[in-house]
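I opened this notebook to record what I looked up, entry by entry.

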Amino acid sequence: MTLPPVDIARISEWLAASGLTALELRGPGCHLRLRQDRGTVTPMEAPSARQVVTSPGIGRFLTTHPLHSTPLAPEGSVVALGQIIALLQIDALLMPVTAPAGSVLAAVLAEPGEIVGYGTPLLELHPIAE
Amino acid sequence: MIEILSDTALATVQDLGRTGALNWGVGTSGAMDPLALAAGNLLLGNAAGDAAIEIQVFPFAVRVHADCAFALTGADCAARMDEQTLLPWWSGMARAGQTLRLGLPVATAWPASRAYLCLAGGIDVPEMLGSRSTQLRGAFGGYAGRALRQGDLLRAGRPGGDVNGFGAVPPALAMPLQQDGLPAIRVLRAAEYDRYTPASHAAFWGEAWRITPQSDRYGYRLAGPSLTPIAPIELRSHGIVPGVIQVPHGGQPIVQMRDAQPSGGYPKIGTIIEADLWRLGQAPIGSRFRFLETDWATALAARDANEAWLAGLGRLANLQRLGAAAA
């Protein structure tokens, strides 16, 4: 099943009106990812070599462990599959945000210390240069 | 099952303490940082008071003989599972054949000196007089009534499993307590408080106290201004509990800690509230802190705040486990 363009347009309108920053819809054979910024809805890039790690839930986005002063993975560093590259703080709990593949952490997309929601883009990963 | 690889004499099995046996002359023992022990247990879905290993001499290493979920809390010792570095206050899976290594406590936003290794289901040692804590003086409880040695094998109450690791924010960051730039410990006046000079009272509350190297699980000897009674005090030996601040003849106070004897004869100037004993239990030797006068109501509220923090962590950790099981 693929979504007809009319549905994508309608979903975009809902997203623009909702105040949410991102929407992700998965179904058999379809994967829709939209981003909203001040009423403008744009499709997020299709998963390619460049990968965006999104938030697994609602919480405070941290790039540094609360006890430490250096980031878990600084921008430009090489990260391994499964490595904890950021944290999501939910009150007393800390959830890991892990690298989905060996890659280079190219950019931190969300503001560290801010509350993020499910699907908020957090980090951008690039393939490790050949 | 894990095997102790280090030959350090001072790691012991502890839980939240053997309360209720003081009338038989049996001290409480238990974790010097009960919040860290309870938090590690809650990350694993254990009861808050399950037994864990308290580690206070580093480096420390264990070999894993059977898969088991574990949590490490307390002092950040830059721990590694084989080559993989572990975050402090974190849980995860230990796999058979792996080696867990803890280094010296590192300088962090919260200086601490004791680490806790919790296993799923708790460390499986028999309960004695209502507790699994090691009673060193009586040589019972914990693992064979003694500190752990190289080659000791400890079993997890619930081996196996497969968990995705997550962690806790150390309570020292959630519940900071400072006074004039130093860590603070809240204290109630004790029976002989009024028998000290006004200058001693002013010094007790106003000056910083340093933890001397003559400090361990039995008690902390402090260094600071001399505390002087108005007239010499002679007392018969009487019951004491962890947290009691005694003043021997030299005028330098001693704080009774978890392995304290159940009785003593020195005069008591104050008692550290139960809710703050973990703060002192983690304070490194050589560090300085201040005593902060408090009252009964605040002491109870502080205990409630600790309980609420643990309850919140336990609830979130359970939700997390349920979510992971459903996914």
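Entry 1, aromatic rings. I took rings of Phe, Tyr and Trp (its six-membered ring) as paired if their centres lie within 6.5 Å, with planes under 30 degrees apart counted as stacked, over 60 as edge-to-face and the rest as tilted. I was working on a predicted model, in which local features need pLDDT of at least 70 and side-chain atom pairs count only at pLDDT 80 or more, while totals for chains, interfaces and linings use all residues. Residues are numbered from 1 along each chain as its sequence is written, chains are lettered from A and ligands numbered from 1 in the order in which they are written, and side-chain values use heavy atoms, with hydrogens and water left out.

Searching the whole structure, I found eight aromatic pairs over all chains. I noted B:Phe204 and B:Trp205 as an edge-to-face pair, 4.8 Å centre to centre with 75° between the planes. Both B:Phe204 and B:Trp205 are buried (under 20% relative accessible area, with exposed being over 50% and partly exposed in between, for a 1.4 Å probe and protein chains only). I then turned to B:Phe289 and B:Phe291, whose ring centres are 5.1 Å apart and whose planes stand at 85°, so this pair is edge-to-face. B:Phe289 is buried at a relative accessible area of 2%, and B:Phe291 is buried at 2% relative accessibility.

The assignment, which is an automatic or database one, gives domain 1 (2-168 + 312-326) and domain 2 (178-294). Taken over C-alpha atoms, the centres of domain 1 of chain B and domain 2 of chain B are 29 Å apart. I counted 27 residues of domain 1 of chain B in contact with 19 residues of domain 2 of chain B, contact meaning heavy atoms within 4.5 Å.

Between them the two domains bury about 1,800 Å², 53% of it on carbon and sulfur atoms; buried area is the accessible area (1.4 Å probe) that two parts lose on being put together, summed over both. B:Leu22, B:Met32 and B:Arg137 supply 34% of the area that domain 1 of chain B buries against domain 2 of chain B, more than any other three residues.

How many salt bridges lie between domain 1 of chain B and domain 2 of chain B? I found one, by the criterion of a side-chain nitrogen of Lys or Arg within 4 Å of a carboxyl oxygen of Asp or Glu. I also recorded a salt bridge of B:Arg217 with B:Glu54, whose closest N and O atoms are 2.7 Å apart.
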